[in-house]
Amino acid sequence: MSELTLTVMRLGFLAVLWLFVIMAVQVIRSDLFGTRVTQRGSRREAGRPQPAGRQAPPQQRQQPAQGRQRRNAPTKLVVTEGTLTGTTVALQGQTITLGRAHDSTIVLDDDYASSRHARIYPDRDGQWIVEDLGSTNGTYLDRSRLTTPTPIAPGAPIRIGKTVIELRK
Amino acid sequence: MSSTTNTSTQHTSTIGSIGTPSRRNTELGLLVFAVLIPVFAYANVGLAIDGTLPAGLLGYGLGVGLLAGVGHLVVRKFAPYADPLLLPLATLLNGLGLVVIWRLDQSDRLQNLAELQYGAFSPSAPKQLLYSAIGVALFVAVLVFLKDHRILQRYTYISMVAALVLLLLPLVPGLGADVFGAKIWISVAGFSIQPGEFAKIVIAVFFSGYLMVKRDALALASRRFMGLYLPRGRDLGPIITIWAVSLLVLIFENDLGTSLLFFGMFVIMLYVATERTSWIVIGLLMSAAGAVGVASFASHVQARVDAWLDPFGCYQTSGACEQIGQSIMSFGSGGVLGTGLGQGHSDLIGFAANSDFIFSTFGEELGLAGVMAMLLLYALIIERGVRTSLAARDPFGKLFAVGLSGAFALQVFVVAGGVMGLIPLTGMTMPFLASGGSAVIANWALIGILLRISDTARRPAPTPPTNPDAEMTQVVRP
């Protein structure tokens with residue numbers, strides 16, 4: 001075997017060994033910070049209620065699902081009445097669930113809300129739809145109680161128990 | 001992320017459980033890599049020694065690959081959320097060990113030596129492959145039959161007795177075998193077994209079960225003296241008992257490594273259980289006193305210490321202790337990048353070149369760069385063990401995982417430090433690398449237990465039952 005081949009193999013083997021170590025460390029890194037977990041985390045984070053007076057960092061929130069949104073589409077959901085008044089949630093094309101269940105996007109602290117009360121989601125054209133999920137006291141859009149999934153006009157108040165939310169641009 | 005923490009303090013339960021990925025595919029990818037590296041090394045050794053690809057390349061590659069594949073499938077089935085790194089790291093170390101043992105089998109010098117001493121030479125690599133297979137079988141058995149590590153908690157005191165019996169078994173006349181000064185082997189039906197390797201796992205069960213119950217007494221009932229928390233006299237009982245047993249092992253079995261391993265493991269677990277630095281100080285003082293005391297009258301230990309203090313002086317005075325000097329020379333001749341696999345002369349160490357001193361071969365043929373990578377591989381196994389302990393939810397699992405990884409870490413330190421001349425040489429072997437059945441089998445079992453604990457720890461919590469608020473919704477009465 002020529003000297004050159006053996007030298008190349010010797011250095012190559014060391015390189016491969018270190019490559020394995022580096023890959024293992026990368027696995028630990030993704031285990032700590034979790035690429036998949038981060039994505040889910042940021043989506044959930046965007047969906048969770050923001051405390052009053054806090055603005056969401058704009059650059060991160062507005063990026064995805066822009067293609068689907070129409071020009072005059074609302075960009076945020078604002079709670080205007082009830083215990084969560086002032087909370088805003090960025091609309092990024094994800095479904096927002098409302099209710100007292102702990103896994104809801106917006107957890108309502110409202111005695112008149114059901115655990116899974118309503119959901120708000122975009123249809124294929126990017127039009128936002130509100131749907132009542134069989135709640136005890138019903139969901140009201142403007143003054144009328146919802147019976148079917150209904151498109152939301154910008155600025156129209158949605159009332160759930162004592163809570164009122166609006167979609168805004 | 002600040003907004004996450006902020007909102008989560010307000011509505012703690014809005015964060016649903018983020019599903020933990022099981023990461024089995026990551027493990028598979030790393031495992032394929034971990035099998036290919038030894039195959040590459042094997043080809044490299046063959047090309048360097050004979051100039052051709054070795055005939056057994058396919059056999060060894062398939063052998064290691066098969067073992068790794070079986071291990072992976074069993075983990076996928078029985079511990080789907082286990083740590084993704086432990087199995088590939090163990091496979092890689094075991095594979096590299098096999099290659100270097102095979103490489104030392106090819107050495108004419110060692111073959112002649114064996115023929116001179118025992119009358120015949122038998123290659124160690126096939127035996128080591130067999131032991132690895134038994135080890136993986138035990139690993140599989142641990143994962144299949146040990147559904148929950150907390151079951152072991154029930155056998156706290158039984159395992160203490162079992163560990164003491166295993167430790168003292170080599171002293172039983174007729175059963176124990178005195179091999180080159182250290183009495184740590186027993187011979188059963190033609191096989192020589194090192195019971196200490198298994199005792200290390202069994203005693204970890206006892207330590208964690210015992211400390212889980214007693215840790216409050218050990219941590220809280222203490223007086224403060226010069227910045228140290230001194231425990232009450234009666235709480236010192238267990239540490240003194242373990243100390244005495246480890247000294248007995250040192251005196252009667254002439255084995256510094258085993259004695260250090262058990263006492264060190266107990267001190268590590270005591271520290272983790274109680275969070276009191278004073279235990280480490282007390283432990284270090286006790287082990288120093290014990291070691292110095294024993295070294296002053298046991299000639300075997302004395303010889304090891306002398307060889308450590310003056311490794312090259314041995315050449316002038318007497319033979320039989322020049323191994324450390326040879327080992328240091330082989331590390332030195334490796335330099336930074338090494339001589340290349342199959343091109344070193346570490347076989348000059350002669351006796352025990354493929355067991356106690358296998359790390360010197362790595363030092364010579366892979367150089368500093370390779371040795372650092374190997375040590376990092378060990379460090380990663382230990383890190384995953386400690387990480388498992390952090391993630392574990394039950395105190396027994398926490399202590400058990402930290403005890404096992406602590407024992408592993410101590411063993412690596414004691415062996416690597418011994419062959420590099422940092423500490424006196426002990427009779428232990430490098431986990432997974434060195435030739436020797438008991439060590440490989442016991443360490444595979446250890447990895448199996450760690451995987452079981454990490455599977456329990458990383459398994460996502462079961463979904464909570466339906467919301468109790470659901471019925472409390474008040475109805476609006478018009």
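What percentage of the 478 residues of chain B count as buried? In this predicted model, the share is 54%, where buried denotes under 20% relative accessible area, exposed over 50%, and partly exposed the range in between (1.4 Å probe, protein chains only). Local features need pLDDT of at least 70, side-chain atom pairs count only at pLDDT 80 or more, and totals for chains, interfaces and linings use all residues. Residues are numbered from 1 along each chain as its sequence is written, chains are lettered from A and ligands numbered from 1 in the order in which they are written, and side-chain values use heavy atoms, with hydrogens and water left out.

Chain B contains 17 helices and five strands, assigned as DSSP runs numbered from the N terminus (helices, H or I, at least four residues; strands, E, at least two). Of the contacts in chain B between residues at least 6 apart in sequence, 74% join residues at least 24 apart, a contact being defined by heavy atoms within 4.5 Å.

Val99(B) lies in helix H4 (residues 86-105) of chain B and is buried, its relative accessible area being 4%. When residues up to four places away in sequence are not counted, Val99(B) touches Pro38(B), Ala41(B), Tyr42(B) and Val45(B). The C-alpha atoms of Val99(B) and Leu433(B) are 9.4 Å apart in space, although 334 residues separate the two in sequence.

Leu337(B), by contrast, is found in the loop between helix H14 (323-334) and helix H15 (358-391) of chain B, and it counts as partly exposed because its relative accessibility is 39%.
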